[in-house]
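Here are a few friendly notes to read with the model open beside you. Take the points one at a time and find each element as you go.

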Amino acid sequence: MNIISARSPQWADKTQTAINLWVTFEVIGEVPFTARADDIEDHGRELYRRAFGTTGQDGEFGPVADFPAPSLYTVKADRSSVLSAACQAQIYAGFQSSALGAVHTYPAKDKDQSNLAASVLSSMYPGLPADWTTPFWCMDGNGVWAFVPHTAAQIQQVGVDGKAAIVSALQKNAALQAQVKAANTVADVEAVTW
């Protein structure tokens, strides 16, 4: 493609591996174009070389402008997503309960939570035999996972402990999200971590 002219170079990314330009090509006219040093097209590599020059400030089309800083709104939205993912990861990592007499770890992904809710509900049916148990997946202190029988009282305690762990993570997330919402600067937002 024959390049007629180019203008307004600006870094396309934080790592400065690509340059955005407005380029006028002989056939198609002026279009936005992102040039890379390792572009698959000859004209892309040529535009990058000509725009960058030797320092990024002495190219043929003027100094390459900085990559635009994200808006406070964008930073808040990104941090909110990061916090929500961290909350989900904490929940999905499981929780501990001493319902069996010793500390055991229980899974808490969506299916695990459904299975636990069903087991707790089953334990509350009227007229259960005195020796009623339900097997539930858990890990002992030695790291061994197994289906272990739980009495009605034990599975109900696991349910209480699981709910407490999930609510704790959700409350932490809500508090951190409120901090993000109230933040007035990018630095304030970035200071909010899980």
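**Notes on helices and strands**

1. Let's begin with helix 3 (residues 110–122) and helix 4, whose axes come within 9 Å and cross at roughly 140°. Please keep in mind that this is a predicted model. An angle over 145 degrees would count as roughly antiparallel, so helix 3 and helix 4 are described as oblique to each other. Their crossing is left-handed.

2. Now look at who touches whom. Helix 3 brings Gln113, Leu116, Ser119 and Val120 to this contact, while helix 4 brings Ile155, Gln156, Val158, Gly159 and Ile166.

3. Next comes helix 2 (residues 72–92) with helix 4 (residues 152–182): the axes come within 9 Å and cross at roughly 170°. This pair is therefore roughly antiparallel. Among the contact residues are Leu83 and Cys87 of helix 2, and Leu170 and Leu176 of helix 4. The contact of helix 2 with helix 4 has eight nonpolar, five polar and four charged residues.

4. Three strands make an open sheet in the order 1-2-3, with antiparallel pairing. Strand 1 (3–11) and strand 3 (29–36) are at the edges with a single partner strand each, so one side of each has no neighbour in the sheet. From one strand to the next, the twist averages 25°.

5. Which residue of strand 3 stands opposite Leu21? It is Phe33. Strand 2 (residues 18–25) pairs with strand 3 in the antiparallel sense over eight bridges.

Definitions and conventions
Residues are numbered from 1 along each chain as its sequence is written. This is a predicted model: local features need pLDDT of at least 70, side-chain atom pairs count only at pLDDT 80 or more; totals for chains, interfaces and linings use all residues. Side-chain values use heavy atoms; hydrogens and water are left out. Two strands pair if DSSP finds at least two bridges between them. Helices (H or I, at least four residues) and strands (E, at least two) are DSSP runs, numbered from the N terminus. Axes are lines fitted to C-alpha atoms, for helices over the stretch in contact, and angles run from 0 to 180 degrees between N-to-C directions. Angles under 35 degrees count as roughly parallel, over 145 as roughly antiparallel, 65 to 115 as roughly perpendicular and the rest as oblique. Contact means heavy atoms within 4.5 Å. Ala, Val, Leu, Ile, Met, Phe, Trp, Tyr, Cys and Pro count as nonpolar, Asp, Glu, Lys and Arg as charged, and the others, Gly among them, as polar. A crossing is left-handed if the near helix is turned anticlockwise from the far one by less than a right angle, and right-handed if clockwise.
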